[in-house]
Amino acid sequence: MKRAGVFAWQVSIGVVLMAVWEWGYDLHDRLPWLVPDLFDPYFVSKPSAIYDQFLHAGCLVNNLGEWNGWSNGQFSRCMARNENNLWIAALVTLKNTLTGFAVGTSSGFVLGLALGRSDRLTAIFQPFIVAANSIPRIALAPIIILAFGIGDASKVVTAWLVVIFLVFFNTFEGARSVDRDHISAARLLGASEWQITRTVIVPSAMAWLFASLTPAISFALIGVIVGEFIGAQRGIGRMIIEAEARGEAAGMMVAVFVLMIVGVILAKIVRRVQDYLLRWRPFRLHCGTKRVG
């Protein structure tokens with residue numbers, strides 16, 4: 001199917017879903033068997049109410065529904081009145097997510113590479129790694145908050161703890177699955193262990209690493225949000241908790257939509273970087289097929 005056709009189908013489905021969401025519950029009294037109570041706007045709000053709440057939370061309109069101006073300082077004054085407005089909260093959550101993702105990815109890759117290259121280290125640390133991995137990381141979030149406080153550090157640590165094991169196991173398997181003939185050939189040519197690691201092991205493990213990055217960035221975002229649920233000064237998670245305490249479904253849905261957009265954008269960026277850095281893989285496969293043919 002052509003790209004234009006796919007896009008048309010996607011837009012059509014989105015429009016239908018939004019229309020059902022906006023007006024579907026109006027049929028509840030007449031068709032209760034068709035429209036469940038879960039569609040009650042008290043629980044999930046409506047797209048129109050969510051849009052209005054987005055404008056207010058983003059300081060784009062004032063309490064009278066009038067647009068805040070940029071030149072007269074209305075927007076900046078609104079931003080200053082609320083230290084956890086939508087934009088600041090999104091930036092804080094994004095910053096902590098990227099920091100936890102970067103630290104977790106780098107440390108997981110180094111540890112996976114080190115243990116993947118050493119049978120002795122693997123034998124020593126395997127039971128400890130299995131024990132640590134068996135603990136639900138989210139269950140450690142209250143302990144992390146207690147140890148690091150409600151600031152950004154605890155959110156970064158939570159994201160790091162969620163990401164590191166995912167990257168570690170992928171890198172470990174990648175390092176262990178390297179063709180032994182390639183390692184033997186490198187040794188035969190006089191390569192040192194460091195040169196073998198740098199020129200043979202790391203390139204082979206990179207494909208495994210990048211396979212874990214897309215879910216890792218999503219898990220990092222989940223870790224940060226869980227930490228913000230338990231205790232935070234700023235962030236999207238705190239916005240959700242505050243909206244829940246006020247019984248504002250529209251406020252919660254605004255935060256959820258922002259998280260969805262942030263997650264999709266981050267996943268797209270990681271996938272683009274992955275495709276760029278591993279652009280040689282389809283080429284090699286194509287060339288191999290051509291030679292065989």
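User: Is Tyr-276 buried or exposed?
Analyst: Tyr-276 counts as exposed because its relative accessibility is 52%. Exposed means over 50% relative accessible area, buried under 20%, and partly exposed in between, using a 1.4 Å probe and protein chains only.
User: What's this model based on, and how do I count residues?
Analyst: It's a predicted model: local features need pLDDT of at least 70, side-chain atom pairs count only at pLDDT 80 or more, and totals for chains, interfaces and linings use all residues. Numbering runs from 1 along each chain as its sequence is written, and side-chain values use heavy atoms, leaving out hydrogens and water.
User: New topic: where is Cys-59?
Analyst: Cys-59 is in the loop between helix 3 and helix 4. Its phi is near 60°, a positive value in a residue other than glycine.
User: Why point that out?
Analyst: Because most residues other than glycine have a negative phi.
User: And is Cys-59 buried or exposed?
Analyst: Buried, because its relative accessible area is 2%.
User: Which other residue has a phi like that?
Analyst: Ser-45 has a positive phi near 60°. Ser-45 lies in the loop between helix 2 (41-44) and helix 3, and counts as buried because its relative accessible area is 5%.

Definitions and conventions: Helices (H or I, at least four residues) and strands (E, at least two) are DSSP runs, numbered from the N terminus.
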